[in-house]
Amino acid sequence: MNPPSPLAKTPLDSWHRQSGARMVPFAGYEMPIQYASIVDEHHRTRTSASLFDVSHMGRLRFDGDGSELLLDHLLTRRVSDLGVGRVRYGLMCNADGGVLDDVLVSHLETPSQRRFHLLVVNASNREKILKWIIPHLADFPTVTMSDRTELTAMIAVQGPKAIEVCNRLFSFDLNRLKYYQAIITEQFKKPVIVSRTGYTGEDGFELIVRAEEANRIWENLLLAGRDDGFAAAGLGARDTLRMEAAMPLYGHELCESVDPISAGLAFACQFEGRSFIGDEAIQEIAAKGPKQTRIGLLPEGKRPAREGSDVLNSSGKKIGVVTSGGPSPTLGYPIAMAYIDAEHSQDSSFQIDIRGKVVDAKLTALPFYKRP
Amino acid sequence: MSRDPQNLLYAESHEWCDISEENGVKFATVGISAFAIEQLNDLVYMDLPKVGATVTAGEVFGEVESVKAVSNLYSPVTGEVVEVHVELPDSLDQLNADPYDFGWVMKVKISDEASISKLMDASAYNKQCAE
């Protein structure tokens with residue numbers, strides 16, 4: 001057996017350690033799960049803003065004529081009509097319609113007017129996606145793919161105050177950047193990709209900078225947001241925030257045995273006038289109806305249902321399983337996302353087996369939380 | 001009354017134990033150490049045993065949940081639960097500030113005194129936490 005490969009560190013690693021972060025292994029990286037309290041970091045993101053080091057996310061750059069056609073072939077959303085400065089959420093599927101990854105694709109232009117596409121993939125899927133794409137590059141000889149993950153850092157600034165504070169740092173007025181738009185601006189003459197996207201259910205930005213610029217921009221963001229209570233938040237809060245916003249997490253709500261229709265992501269599939277890998281299988285599932293559906297449940301009481309808990313119908317029969325669950329700091333009660341057999345999607349009463357104790361659970365619309 | 005953590009006994013699994021004696025019978029008041037509470041962080045749920053239940057040293061008597069994870073509580077002693085801190089599950093936010101007085105979880109009438117001898121004193125426990 002090969003020895004386990006050592007964990008990678010992000011360019012902000014020593015900042016995290018000096019700031020007392022609790023570091024955990026995550027997708028091959030050592031990442032901060034929390035600095036002090038997950039709940040405090042969660043609330044701060046909802047009321048002010050937090051900084052997240054998300055440098056573990058994979059960043060793949062596509063240059064050359066036809067990169068939009070390659071990505072169009074690989075993704076469930078159309079990329080060929082994605083204008084410069086725009087971002088789109090999409091899925092990469094196998095021929096059976098199983099989800100390989102959920103991604104953000106951006107179309108960007110450098111100050112010297114070079115255009116390229118950027119694909120942000122899940123950290124845990126980066127190697128798999130690279131291997132998946134490489135054979136397809138042969139069909140697009142003018143396209144080059146480069147893995148920019150280790151050369152860059154990615155910082156998410158999330159929360160209602162994110163825009164005000166980020167605007168103090170960049171020459172570009174971020175009010176002009178709408179949700180799901182991205183530009184390349186600069187700070188101290190160094191390029192910064194700013195994307196108005198996120199994974200918390202709040203307004204905010206995701207910044208990509210060269211690895212050697214990471215600490216400076218991180219410190220500058222903290223300084224600029226000092227009076228607004230800006231602080232770093234870890235992956236723990238990122239998870240509770242995305243759960244409240246009912247955003248799927250790969251490995252939980254998404255995997256290769258789940259299709260986009262079951263996952264409730266039909267909006268991210270565009271079939272008309274195009275073809276992509278998995279399109280026929282997904283259209284067939286959409287026509288027949290999926291075998292399972294993703295739902296939101298509120299278990300009664302204070303005890304959270306965790307991933308893996310069985311979902312039962314009123315007669316105690318297992319009809320599904322919880323994929324993400326835990327306490328909701330914003331709402332003050334536990335929330336859970338689950339997949340259930342589609343034939344039970346109209347049921348009115350559900351139960352969850354929480355480690356041997358069966359509790360009633362109420363069906364609720366997703367997301368659990370939507371920003372005001 | 002204020003418990004001094006230096007005078008308590010500890011289980012490897014981070015429960016503290018305050019031994020008292022009434023009319024020749026030994027009782028143990030049990031809680032969770034400050035170190036463990038800090039490690040668990042952001043507690044959201046606690047499951048208490050029932051009064052009258054039998055608990056066994058080294059075996060699960062309840063559970064505590066943080067935002068991220070579920071952890072079992074292990075009894076440091078063997079005996080019968082004579083009292084539980086019923087207000088505690090609704091006041092978990094106070095546990096951090098006061099783990100040794102407000103933070104008591106249950107009181108056990110000890111049936112097997114040999115179980116006490118396996119517990120650590122404060123200095124041995126602090127050494128374990130520092131490792």
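The model is predicted.

Strand E9 of chain A spans residues 152-158. Seven of its seven residues are buried, so the strand is largely enclosed by the rest of the structure. Burial here requires 20 or more other C-beta atoms within 10 Å of the residue's own. In a regular strand, side chains alternate between the two faces of the sheet. Both faces of E9(A) are covered. One side carries A:Thr152, A:Met154, A:Ala156 and A:Gln158, which are all buried.

Strands of a sheet pair through backbone hydrogen bonds, either parallel or antiparallel. E9(A) pairs with strand E3 of chain A, residues 50-53, in the antiparallel sense. Four bridges make up this pairing. Within it, A:Ala156 of E9(A) stands opposite A:Phe52. E9(A) is also joined to strand E12 of chain A, residues 204-210. This pairing is antiparallel and has seven bridges. Here A:Ile155 faces A:Leu207 in E12(A) as its opposite residue.

Chain A also contains a closed barrel of six strands. Its order is E14-E17-E16-E15-E18-E19, with antiparallel pairing. Neighbouring strands of this sheet are turned by 40 degrees against each other on average, direction ignored. One of the pairings links strand E14 (residues 292-299) to strand E17 (residues 334-341), both of chain A. Six bridges join these two strands, which run antiparallel. A:Ile295 has A:Ala338 in E17(A) as its bridge partner.

Definitions and conventions
Residues numbered from 1 in each chain as written. Chains lettered and ligands numbered in written order. Predicted model: local features only at pLDDT ≥ 70, side-chain atom pairs only at ≥ 80, totals over all residues. Buried ≥ 20, exposed ≤ 12 C-beta atoms within 10 Å, placed from the backbone. Pairing = 2+ DSSP bridges. Axes fitted to C-alpha atoms, helices over the stretch in contact; angles between N-to-C directions.
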